Amino acid sequence: QGAPTTMPLVGGMARMPPSSAWMPPSGPGWGGGAAVPPSASASLAPPLQGSGVQQPVPYGVVKQQVTDRLNMAVHKRHQLIGQLDQLTEGEYSEHMKNTFSAARKAGLDGVDWRVPRLMYCTDPKHNAEVNPAFAHEVQERKAADARVLEEQLAAEAYDAWARRLQEVGKQPPPLEVVRRAPVPFLEAAPNYCAEEDVWSRTLELRTLDEAMRGDVSRPLPRPTVHAEEFQNFREGKYIKDDCPIA
């Protein structure tokens, strides 16, 4: 009544019950497993030296191929974005930046982050929290990064100045002009006296056209007939010797 432990022979082989954990070998010629074609088994085996089997491609070659394909894809993407900007007059890039750019939302989209990185690599104050066990190695790597960034920024600045100076027929480097710091007017002209300033009298006057069509909120200067009617008038300056007969 119970399940038999063995089954009758079928084709000269004993059949095991389904509950058994026995599994037939998975090789060619066995019914329990899928047969592996000779070509597949040969591809899984390591290549033999001196045989006609293709040798594996070196890692450096594969890396260069992947890098070239990536650069081509990035270049193609820039070309397509440029075509979209030409069709939309630059609205596509602005829309993408306003929608997805966190730097644009924070007002940092115009920042060249290589400059803060260069400051971080060159300023010694950023080495205070470095572990002393790794301080020397960290400083060497930061110095190497700083040299690379300085070369890149210097080359870009030189090219930018070359394009700008080419328009006026010059070559970089641009001429540097050092101007002295300005000094207060009274220090430059210590003998100046406001009462003797003739320009103040001239600036107080306006033409008839300016009076008729100018700013109505600005009052017209008071009428002056004689020189002594000016506010900065001083005796003996405009009337000869203050002589009543003169």
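Q: What makes Asp85 a buried residue without a salt bridge?
A: In this predicted model, Asp85 is buried, and the nearest side chain of opposite charge, that of Lys97, is 8.0 Å away. A salt bridge needs a Lys or Arg side-chain nitrogen within 4 Å of a carboxyl oxygen of Asp or Glu, so at 8.0 Å Lys97 does not give Asp85 a salt bridge. Asp85 lies in helix α2 and, leaving aside its neighbours within four places in sequence, is in contact with Gly90, Tyr92 and Ser93.

Q: Why is Glu89 called exposed?
A: Its relative accessibility is 74%, and exposed means over 50%, so Glu89 counts as exposed. Glu89 is placed in the loop between α2 and α3 (91-100).

Q: What is the phi of Glu89, positive or negative?
A: Glu89 is not a glycine, yet its phi is positive, at about 60°. In general, most residues other than glycine have a negative phi.

Q: Which peptide bond is cis, and with what omega?
A: The bond from Pro172 to Pro173 is cis, with omega near 5°, and Pro173 has its place in the loop between α6 and α7 (185-188). As a rule, most peptide bonds are trans.

Q: What makes Leu118, Cys121, Ala146, Leu149 and Leu153 a nonpolar core?
A: A nonpolar core is a set of buried residues of listed nonpolar types, joined through side-chain atoms within 4.5 Å; these five residues make up the largest such core. Helices α5 (114-122) and α6 (135-166) each supply at least two of its residues, and the largest share, three residues, comes from α6. Leaving aside neighbours within four places in sequence, Leu118 is in contact with Ala146, Leu149, Glu150 and Leu153.

Q: Why are Val57, Val61, Val62 and Val66 described as a nonpolar surface patch?
A: Patch residues must have over 30% relative accessible area and no salt bridge, and nonpolar side chains are joined within 5 Å; the four valines make a patch of about 300 Å². Val57 is found in the loop between α1 (38-44) and α2 (59-88).

Q: How much of the protein chain counts as buried?
A: Of its 246 residues, 8% count as buried, the cut-off being under 20% relative accessible area. The protein chain exposes about 22000 Å², of which carbon and sulfur atoms supply 59%. Its secondary structure comes to nine helices and zero strands, and among contacts between residues at least 6 apart in sequence, 30% join residues at least 24 apart.

Note on methods
Residues numbered from 1 in each chain as written. Predicted model: local features only at pLDDT ≥ 70, side-chain atom pairs only at ≥ 80, totals over all residues. Heavy atoms only, no water. Buried < 20%, exposed > 50% of the residue type's maximum accessible area, 1.4 Å probe, protein only. Helix = DSSP H or I, 4+ residues; strand = E, 2+ residues; numbered from the N terminus. Contact = heavy atoms within 4.5 Å. Patch = residues over 30% accessible without salt bridge, like charges linked within 9 Å, V, L, I, M, F, W, Y side chains within 5 Å. Areas by Shrake-Rupley, 256 points an atom, 1.4 Å probe, with all protein chains shown as cover. Lys, Arg positive; Asp, Glu negative; His and termini not counted.
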